[in-house]
Structures are given as C-alpha cells and as structure tokens.
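This briefing sets out the architecture of one protein model, grouped by topic. Please consult the sequence and the structure shown here alongside the text.

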Amino acid sequence: MADASNPCWQIQYKSDDVEGLKRSILHNLEYRLAKDHYSATAYDKFLATAYAVAERLIERWIITQQTYHQQNPKRVYYLSMEFLLGRSLGNSLINLGLYDACKEALDGLGMDLEELRAYESDAGLGNGGLGRLAACFLDSLATMNIPAHGYGIRYEYGLFHQQVIDGRQVETPDNWLALPNPWEIARPEYVFRVRFGGCVSDGMNDYGAFCRTWEDCSEVLAMPYDTPIPGFCTETVNTLRLWSARATERFDFRYFNDGDYMRASEEQVNSENITKVLYPNDNFFVGKELRLKQEYLLVSASLQDIIRRYKVDNTGMDGFADHVAIQLNDTHPALAIPELMRIFLDEESMTWEQAWALTVRTFAYTNHTVLPEALEEWPVDLLEKLLPRHLEIIYLINHHFLREVAQRYPGEVDRLRRMSLIAEDGVKRIRMAYLATVGSHKINGVSALHTRLLTETILREFAEFWPERFTNVTNGITPRRWIVKANPSLTQLITSAIGNCWVTDLAALRALEPFAEDASFRDEWRKIKRVCKHPFVESVQQELGITISADSLFDVQVKRLHEYKRQLLFALFMIAEYLRIKDNPGMEFVPRTCLVGGKAAPGYYRAKLVIRLINAIADVVNRDPAVNGFLRVVFLPNYRVSLAEKLIPAADLSEQISTAGKEASGTGNMKFALNGAITIGTLDGANVEILEEVGEENIFIFGMKTEEVVALKQHGYHPWEYIQANTELQRVLHLLECDFFCPGEPGLFRILHDELVQWDEYCLLADFAAYLETQGRVSDAYQDVERWTRMSILNVARCGKFSSDRAIAQYAREIWQVRDIHVPSPDEVVEVNFTAHPPSQADVPTG
C-alpha cells in the first residue's frame, strides 16, 4: 500500500484466479479468524471463503460509488421494510463470474464449496413476496448498471424459525445474526438521530425564518450497516443500507451507582427493541406502536442519508427531484412523504408549494394489495403521541388535496369524505395508501389484473382524479438466483442449446421453442428434472424421516399461509384423492407427492389450524399402506429462500390457487414456471399473464374469474348449495366434521368445517368441483410423458416477460427517468482519488 499521505492511494487489487482465491482464503483463515488447518471449524472455513469473495466485491464497490460521485447522476432509492435476500455466497460468486474458480480453489484446499454454502444463514430480513421482490429488484438494478441504493431495517431476529411439533407450528427465534455476518460493514460515521414524541411550537429556523419547531423529543440513533449488491457480469456493485436502532446513552451510571441495575440499561433496551424483530405481532397496541417506530426509523434515517449524499455533490435544493427518485415498496415507508415535507419546510425554509412540488416529483408508490383489511391505517392518537409534527403536516396535505377535489367536484361532500386521508368512522385513522397516492407522481400495481382492480376498487376515485399517475409494472424475478444458481443443470442444458445471452435477456428463451419438438432434447430435459429431484428427496428423508419417490408427480404449494391463498383447498383435494384411492383398490393412479410449505403469522389462528390439518392428513395418508404407492403428503417446516432453491427445480406442478381477485401478482408462480413446472391455478394475479405467455394448452386454469366471484357474493353465496350438488365434497367435509383426522382431539377442525359450510369467505366450495376436474386433467397429461415434457419446455421458453430486469427497465424508463452508468473494472482503474470528496464528506467507499 502506498503512503496514505499521498493524495492518490494506490490500491493493489485482488487476483480473481484460482491461486489468488486460495491465498485470500488462507489469509483470512489465519489473520482475520486466527485459525489454522487444525483448529478451523467448518463455519470458519465458510467465513474465510466469504471474506475472500467480499474483498473482491469491495474493490468494485469502491469504484462504483466513486463513479457515481464523479458523474452525479440521478439515483434510485428503494425503501422497503423487507429484503428477503437468502444466502449470499453462491449468488455473489455467480454474479462475479468466480463460481468455478472458487470451487477449484476450495477443492485444492481440501474443502467443498457446496458443503460450506450450507453453513450460511438465510438473512432474516423478510417474510414473503414483498421482500423477495425487493431482493430481485436490487439484483436487477446492479445488473443493469442503474445507480441505486436499497434502504431497510437490520432486524436482529427474523420473523421466526418455524418448527412443527405434533403437527403444530411452533415459533422459535430466528437469530440469524448469532454468528458473524461476513457481508455487512458497519458505518458508524453515518449514524443519524431519529426523534419521537415531544411537542410542536412556533419558532425560528437556522435562516431566521418563522417555522414550526418539533422539540422535547426522545431520541434513538440509527446505525447503518452496508451490504454490497453485485450485478451479474458487470462491474457495478450497489449498496443495501440497513438501519439498526441504538440508544443515545447505552448505560446510565446514575442508576447503576444507586443499585438500580435494570433501569441503568433501560434506555438501551427500549431503543434497540425497535429493530429487534421483523414484523411484531400487531394484535396488541404495543405491537402497533413498535411497528410505527420501525417504519419511521427507516424513513427518517434514510431521508437524512439521502439529503446528506445529495448535498455532497449539489448546492441548493431546487434540483433535488432531478437527482433523487424514491420508490416506496408498499405503504410501510409512506411516512417518508410527511417527513420530507417536514425537512423542506422546517429545516430548508421552503414554501409549502415549493416543498410539495419537489416531494411529489421525488416519490413513486408501488401498491401490493387490494385487500381492504391489509391496507395500513394508523390511529390519529398514536401519530399524535409519536410524531406530532408529521400529523400536522398530514392534516395540511389533506386540506390542500381536498380543496383540489372540491374545486373539481363542487358540492360532492361524500366524495370528499371517501377520498380524505383521514378515516373518521370509529377511531380516527390515517389512510396510508391514500397518503402514498397523493404524495407520489406515479402509482403502480404489480400485475395487469391487480392494477385494473386497483383503479376500479380501492383507488378508483384517485385514478379518476389523476389518471396519468397510474400505471402497471408486472413483477419479475431474477434469473440469476432462480435458475442459474438454483438449477445449474437446467441452466447448462439451455445454454448448450441457445447460448448464454438469456441470463440477462430472458426474452431470448423464446429460442428454446423449437427444441420442444426435439426428442433427444426432451429426453435430456427429463433426465435433468430427475437429477433435480434426488437431492430434495434425500433432504426430506434426512430432515423429516419421510420417504418420497422421485418418480411421483411433485405437486407443490409453498407460500405464506393466508386464507385467500387457499392452502385449505389443496388440503381438501388431498382428502378427496385419499378417498378415491381407498375406494378403488387395484386401480392405477398417478403417484403424487403433495408438498406444502409456508409460515402462518403467530396470531393468525385459522392459518395455523390449516397447518395442523395438513400435518394431520399427512399422518393418516403416509401411514396407510393402501395408498402409499400413490399418495404422500409432506409439510416442509421453515420454508425460506435456501429451501426454495432446492424445491422449485424439483417441482412438477405449481399450485397457484388463490381466490380470483385477491392475489396482487405472486412471484412464486414465475419461479416455478421458469424451472419447468406447470401451473395449476385460477385467473388471479400474474397467472393471467402467464396464461397469455405460455398458451392455454400449457397451463391448467380453473375456477371463477374475478367478476364471477364478485357477482356470486353480490347475489348471495350459499355454500350449502354446492355441497348438496357434490357427493364427493360431502364425504370430504364429513371427514372434517367427524374428527377423522383428529381422533385424539375431538372438534379440533370443526371451526374449519363450520366456516366452509356457513360462510366460505374465499369460495373454496364454489371452485371445488372445477379444481378436482382440473387435477384429473393434470394426471392425464402427466401420464403422457412427451406431452408433459413439451409443456415444461414451452413454459420455460415463454417466461421471458417475467424477468425483474424487464420490470426494472420499465421503472427506470417510465417512473424514475434514470439512465445506466458505466462503471470501470479494477483493471481500468489505476488509482482511486480521495481528494475530490474526502472520506469525512463523501461516501467512501459505499455511502
């Protein structure tokens, strides 16, 4: 290393060849971990390898951030309460193009890359599709060389670790940070203070102008931790910055000296609780308060950081929206709108008109649900207690907005009430989806159907008021993780047929279509599907003690447990299939393994009861020798990204059976289709667009459409009519009613039975007959091996639309108006100059 007093620090970049990786791994093992060959544990070896990879990321990371400072482009800031990253070692190696070299280096050192990868914990930063989408978007942003930063919360504990004990979901802590995280770097130089409570009074700002002053607040510190996000086969490495709450005073010696040891650390405990756990159970008021604190900590710290970064390279705030695009991933970060207004008004002395114009130009909002019960609303009295200045600003936003509405629609008082940001029926509440809509220049849904429903239902009057603000950006997935990493055998076959350009241009998969008619190619395709099944079969045997056959049809439903996703409908099919096999001894059935996975929220009783039912069905089915050759049922505990990467390549049939009109998009449907599984599903979410892409002959669609569900409910839905008309359904429900699956706990599943018979909110019984008929068509198609293989190949070939690269290109073009930036490679960079932006002011290396 050259003398640090020299204005240009000469960086010695790491070698990316096998020998260079070997040296780095051994160096980290000895000098970073203080271990030798004899004392190093398997986790030490994983860490040494991860640090070696991280070193190569950091080289590109520094250059990326310096390039952004030098060019000062418009940047994207993606705010999300979740980033479901999964494991990072394999993904980083693939994106850096170092997977084979690292494997060879480890082989030479007597280590195995696949074994070491298993020691990495899944990052506990997300719960479901929202967080996984955010992670896919980060990958695409870097791959497409778009200057971007992710902002989230560094939860100390993930949602929970799901165990299944006696068929029950049991939640245990997901302490994913118990061991060192080799990918993150703490940034104490960028700690920010975040305020809560206090009061608001009139005062003067730093410019001597009148303003409202937020004072007498309690404070916590937001400590940033940075994770590098590499693009695929590009030099760009973007940043995910996660905030961790810290106390302003970690220990109070006054109380300690008085013998009050608990109170001495009370402030530290209360402050750090804010980022302790992902998504606290909000059945209780305290949980809601903690959740609001999480959301505000995210937006306050992130906006302070964004403004700090903007001011490094720009003077004056007039150009803020020309350099900053902030995307709100659902309503959780919507407090960023009044927070930015507060900063502009109270700290930057802007007029209301100037501040509001900049704010609206800066923000865009992605909506993820049309379910009324899922739309976030915060009680006014809670906001008044925690964020009094923000409540004032929200009232002012509402005042100005409703004045515009009244001018457009004079005398329509009911419209003002319906469109108000404040819900006044019962407890007064702030409608966060309305706030996000009013404060953003673009609002998008995440599938064509979802966007249409959004503009026809919950945001209809806003879409009428601002039609130009609404657009659709169908979700997508990153092919780098979900086929290149998860399914290397299929990746190799596809690349051998059409080349490798499809990895960054998924539409190029269309070139596979002719190979569906190639008998030898179809044979290779089937062999690879079987290769993918074997590791999963072995893991189920080892971890759960359940034997399943790789020759059976793997029928899979894995997703967050919710009634509208209709895991219960899948369970009813399992019971029906069980009865059919029992009723017809000696008849041949298509062997089928039903695989279910997903977590239920701790307070969601009915969803947890469905998990118990599925495990109870599995207990009966798997112990019955009369059906074992044809049906197996397995519930997969603790479903997570790393498990998905094993399961999805092995799947034959993808269950996407939500009630039509309830699922916003779904991305699991895309992951399965991209790996050659065939979809059985309703016309809901992105299933509609998958049907359009793959063709009706390559997908199994059943059930009511959205309009039919609405009409049924409007005219009066009577589940009993469907029961009376279907003998098979009667028998299935009878087994629930008579405690067949719970003889030791009479009445356990009676609530599921009674709700289906009396209400059936999500129309399971109305779709039951069509679902069973369609499952019969699935069995017929699966028996025709050549037909099924063609369907599988064509699903992959026609999935190009569902790339997150396509989605990000649309966001960049239509919403953010940002351009890609060329980042030079380490070989192109002779020196890194720290004089233009000293480390105390600029982001060196990854601010």
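Strand β10 and strand β11 (residues 237-247) run antiparallel and are joined by 11 bridges. The model is predicted, so local features need pLDDT of at least 70 and side-chain atom pairs count only at pLDDT 80 or more, while totals for chains, interfaces and linings use all residues. Residues are numbered from 1 along each chain as its sequence is written, and side-chain values use heavy atoms, with hydrogens and water left out. Helices (H or I, at least four residues) and strands (E, at least two) are DSSP runs numbered from the N terminus, and two strands pair if DSSP finds at least two bridges between them.

- β10 and β11 form a hairpin with six residues between them, and Cys233 in the turn has a positive phi of about 50°.
- Strand β7 (residues 192-196) is antiparallel to β10 and joined to it by five bridges, with Arg193 opposite Leu221.
- Strand β6 (residues 185-186) is likewise antiparallel to β10, through two bridges; here Ala186 stands opposite Tyr225.
- β10 (residues 218-230) is largely enclosed by the rest of the structure, because 11 of its 13 residues are buried. Buried means under 20% relative accessible area, exposed over 50%, and partly exposed in between (1.4 Å probe, protein chains only).

**The six-stranded sheet**

- Six strands form an open sheet in the order β21-β20-β19-β22-β23-β24, with parallel pairing.
- The edges are held by β21 (631-636) and β24 (700-701); each has a single partner strand, so one side of each lacks a neighbour in the sheet.
- Strand β19 (residues 553-558) and strand β20 (residues 592-597) run parallel and share six bridges, and Gln557 stands opposite Val596 in β20.
- Helix α33 (residues 785-797) lies across β22 (653-656), β23 (678-681) and β24, and runs at about 90° to β23. Axes are lines fitted to C-alpha atoms, for helices over the stretch in contact, and angles run from 0 to 180 degrees between N-to-C directions.

- Two bridges pair β15 with strand β16 (residues 429-431) in the antiparallel sense, and Arg429 in β16 is the bridge partner of Ala423.

**Helix packing**

- Helix α23 (residues 567-583) packs against helix α24 (residues 605-623) at an angle of about 20°, with the axes 10 Å apart. That makes α23 roughly parallel to α24; angles under 35 degrees count as roughly parallel, over 145 as roughly antiparallel, 65 to 115 as roughly perpendicular and the rest as oblique.
- α23 passes α24 in a left-handed crossing. A crossing is left-handed if the near helix is turned anticlockwise from the far one by less than a right angle, and right-handed if clockwise.
- In this pair, Gln567, Leu568, Ala571, Met574, Ile575 and Tyr578 of α23 meet Val610, Leu613, Ile614, Ile617, Val620 and Val621 of α24, where contact means heavy atoms within 4.5 Å.
- By class, the contact of α23 with α24 has 11 nonpolar, one polar and no charged residues. Ala, Val, Leu, Ile, Met, Phe, Trp, Tyr, Cys and Pro count as nonpolar, Asp, Glu, Lys and Arg as charged, and the others, Gly among them, as polar.
- Helix α1 (residues 18-32) and helix α4 (residues 99-108) pack at about 60°, with their axes 8 Å apart; α1 and α4 are therefore oblique to each other.
- The crossing of α1 and α4 is right-handed. Val18, Leu21, Lys22 and Ile25 of α1 make the contact with Ala101, Cys102, Glu104, Ala105, Leu106 and Gly108 of α4.
- By class, the contact of α1 with α4 has seven nonpolar, one polar and two charged residues.

**Two buried residues**

- Ala664 lies in the loop between β22 and α26 (668-674) and is buried, with a relative accessible area of 7%.
- Not counting residues up to four places away in sequence, Ala664 touches His368, Thr369, Val446, Ser447, His450 and Gly685.
- Thr706 is found in helix α28 (residues 706-715) and is buried, with a relative accessible area of 8%.
- Apart from neighbours within four places in sequence, Thr706 is in contact with Leu449, Leu453, Ala660, Gly661 and Leu683.
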